[in-house]
Amino acid sequence: MRKERKSVRILWIGVCLFFLYFPLIIMAVFSFNDAKSLTHFSGFSFKWYGSLFENTQLLDAVLVSVSIAIIATIVSTILGTITAIALSKSKKIVRTSILQVNNLPIMNPEIVTAIALMLFFSFANIEKGYMTMLLAHIAFCTPYVITNVLPKVKQLDPHLADAAMDLGATPFQTLMKVIIPQIKPGILAGALFAFTMSFDDFIISYFVSGNGVENISIVVYNMTKRLNPSIYALSTIVLVVILFALLIGTFVPYILVKRKGVKMNEEVN
Amino acid sequence: MKKLIELENLTKEFNGQVVLKGIHLDIHENEFMTLLGPSGCGKTTTLRIIGGFEEASAGEVLFDGIDISKLPPHKREINTVFQKYALFPHMNVHDNIAFGLKIKKMDKSIIDQKVLKILTLVGLENYGNRHISQLSGGQQQRVAIARALVNEPKVLLLDEPLGALDLKLRKAMQVELKNIQKEVGITFIYVTHDQEEALTMSDTIVVMNDGAIQQIGTPTDIYNEPENRFVAKFIGESNIVEGLFVKDFLVEFDGQQFVCVDKGFDEGQEVDIVLRPEDLDIVEVGQGKIEGVISSILFKGVHYEIMVETSERTYTVHTTDINEIGKKVNLDFWPEDIHVMEKMGTY
C-alpha cells in the first residue's frame, strides 16, 4: 500500500519534471541537428553553433546582454543594499510606503513598465540606445535587490554597529567590516536575481532600446520570424549560462559553509 | 581621586517625554561606579550618552575637563560592553578582540601579543580560533569584556553585562569583574537593576529613579542610610514606618518614642523611618519594644521570614531562630537600627 503510494508520487514528480524539462532538452538536441528540420534528427553537427559565431549581429548582442547585465547588477546591488540599510533605520511609515512603491515594478506586468519607461525616455528626450537600456535595467533590478537584502538587515543586531563604532571604527568602516559581511547572503541573492532578470529580459529591453542596440532576447525574437536553428544553439548557450549561474548560487554558499564547518570541527578536536 | 567624567545638568527627551531630568554626576579615576535603578529610570540612557550613542537634549559631558558631548563614539576614549555582547558573528574570538586594534592600524605582532595577554586575563587563553557560535554565554561575556579592555580605554561602560547569565555564573562573574577592574585599574561604569550585584561590586552606587538621581554613596551608605523611601525599598527589604522627629536622637512612631542616632532634622518634622528585617529581633513578651503576634513564617534557606502583626502594622523580620505561628512576642532593636530619612512622595 505504502509502496504503491510512493511510486505514484514518483510518477507524478516525473510527469511534472518531464513537462518542465522536455521542451528544453528537445531544443538542446535539435540545436545539434544536421538539417534545418524541426522534426527529423538527421545527424549530429556543430553547424548552427558555427554559424552563430559568424553572425556579428549576434555576437554584438551577446556583448550587449553580458555588459548590461554585469553593470546593471553592480549598480543595482549597491543602490539596493544602501537603500535597504537606510530603510531599516527609517520610521515605520516611511519604510512601509517605500516598500509598497518598491513592490510596484515587481508586481506590475512588465509590458506596463516597458511602455512607461519608453514614454519617459521619449518625454525626457533621451536618445534610445545602450544607455537607456542600461538605465531601464538598473531601474527594474534594484527592487529585487531591496527585497532580498532588507530581511537580512532587519535580522541584524542593532548593537553590532554601535559596538564597531565603540571600538573606533568610522561609520564607513563599520559598514564595510561589520554590516556588509553580516548581510552578504542577502546581497549575493539579490545580485544573482538582478543578473538573471537583466540577462534574460526581453519586453523592457525591446521597448527602451533603439539605434540598432540589441540584446540576445531581441535578436532571438527577430530571428524567429525567419526560421533558423541558430536560435536553438543560442538558446542552448543561454540556458547553459543561466544553469551555471544557478548552480554557483546554490552550491557555493553550501561549499563555503561546509568548508568552514570542517575547519571549525578541526579546531574543536 | 581625580575627576574623570563630569555630567552637568544632563537632560534627555524622547518624543517630548523626559527620561533624564538634569543629572549631575562626578565619576573619578579607578572608580567602580554602578548606576542602579528599575527599568525606565534612565540609567541606560545615561550610559549611552557617555558612550556617545545618544545625544543629550541639554547639558554637558566633560571628559578630563573637556566637553565631549558632540564627539562621535569612535573618537571617544571609552569602550562599552553591550547588554547582549554584540560580538561580531562572522569573526572568531581573536578577530573580534583584535577589531579595535586593527582599526588603529597596529602591527600584527603587537596585536597578537595584546590579544593573547587579554585572553589570559579573562581566562580564555586557548579560545582564540573558536567561532563565536561555539562559545557559551559566560565565554561570550568574557570575549566582550576582553574586546573592550584590549583597547586600554580610560573608562569601561558595562550595560547589564551579566543579565543573560544564570545565577551561579553571574555570582562568579561579579567577583571576576571586580578583580579585572582592580587589575587594569581603570574606571568602570556599570548599569544594573540588580541591587545585590551593585552592592557586591561597586565603590560608588548611584540610585536612579524616574530620570533623577535619588542617592549617591558607598554600598554601606546606601544600604544603611537610605536617603528616602525609594532607595530604602529598592535596596533590600525594609519596613518603612511613618513617624515624627521629636528632637535630635529621639523619634516617635507607632505611638511610642524611641532613642535613635540620627540628628539634624527639624523638631516635630514628619519623617520616614527604615527598620531592616535583619535588624529586628523577636524576643519574649515584656523584653522588647513593640508588642505583636507572629502571623506567618516562611523558610527562605538561610533565614526565616517572619511576619509580626502589631497594633499599627505588620513588620517583616529575618531571623534564624525557630518560632511558631500565633505566638505573642515582642520586637526589639537597637537605636542604631533606626534609620531616619526625609519624607518624600510615596513610591
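In the predicted model, the side chains of Glu284(B) and Lys327(B) meet in a salt bridge, with a distance of 3.6 Å from N to O. Glu284(B) lies in the loop between strand E15 (281-283) and strand E16 (290-299) of chain B, and Lys327(B) lies in the loop between strand E18 (314-319) and strand E19 (328-332) of chain B, so the pair ties together parts that are 43 residues apart in sequence. Glu284(B) counts as partly exposed, because its relative accessibility of 45% falls between the limits of 20% and 50%, and Lys327(B), at 28% relative accessibility, counts as partly exposed as well. Salt bridges that share partners also join Lys2(B), Glu29(B), Asp64(B) and Lys154(B) into one network. Over all chains, the structure holds 23 salt bridges.

Another such pair is formed by Arg170(B) and Glu197(B), whose closest N and O atoms are 3.9 Å apart. This pair links distant parts of the chain, since Arg170(B) belongs to helix H5 (residues 167-184) of chain B and Glu197(B) to helix H6 of chain B, 27 residues apart. Both Arg170(B) and Glu197(B) are buried.

The domain assignment divides chain B into domain 1 (3-224) and domain 2 (229-342), and the centres of these two domains, taken over C-alpha atoms, are separated by 38 Å. Their contact takes 14 residues from domain 1 of chain B and eight residues from domain 2 of chain B. Between them the two domains bury about 980 Å², with 69% of this area on carbon and sulfur atoms. On the side of domain 1 of chain B, Gln195(B), Tyr223(B) and Asn224(B) lose the most area to domain 2 of chain B, together accounting for 48% of what that side buries. The count of salt bridges between the two domains of chain B is zero, whereas four residue pairs in polar contact are found across this interface, both residues of each pair being at pLDDT 80 or more. The elements that give two or more residues to the side of domain 1 of chain B are helix H6 (195-201), strand E9 (204-209), strand E10 (212-217) and helix H7 (219-224) of chain B. By class, that side has seven nonpolar, seven polar and no charged residues.

Between the chains, the contact takes 23 residues from chain B and 22 residues from chain A. The area buried between chain B and chain A is about 2,100 Å², of which carbon and sulfur atoms give 62%. In chain B, the residues that lose the most area to chain A are His74(B), His90(B) and Ile103(B), together 27% of what that side buries. One salt bridge is found across this interface, and Asp162(A) and Arg48(B) meet in a salt bridge through their side chains at 3.3 Å, N to O. Arg48(B) also forms a salt bridge with Glu54(B), the closest N and O atoms being 3.1 Å apart.

Pro73(B) lies in the loop between strand E5 (66-67) and E6 of chain B. Its relative accessible area is 9%, and Pro73(B) is therefore buried. The C-alpha atoms of Pro73(B) and Arg48(B), 25 residues apart along the chain, are separated by 9.7 Å. Leaving aside neighbours within four places in sequence, Pro73(B) is in contact with Met165(A), as well as with Gly51(B), Gly52(B) and Phe53(B).

Methods:
Residues numbered from 1 in each chain as written. Chains lettered and ligands numbered in written order. Predicted model: local features only at pLDDT ≥ 70, side-chain atom pairs only at ≥ 80, totals over all residues. Heavy atoms only, no water. Contact = heavy atoms within 4.5 Å. Buried area = accessible area lost by both parts, 1.4 Å probe. Salt bridge = Lys/Arg side-chain N within 4 Å of Asp/Glu carboxyl O. Helix = DSSP H or I, 4+ residues; strand = E, 2+ residues; numbered from the N terminus. Buried < 20%, exposed > 50% of the residue type's maximum accessible area, 1.4 Å probe, protein only. Domains from an automatic or database assignment. Polar contact = N/O pair within 3.5 Å; in protein donor to acceptor, adjacent residues only side chain to side chain. Nonpolar A, V, L, I, M, F, W, Y, C, P; charged D, E, K, R; others polar.
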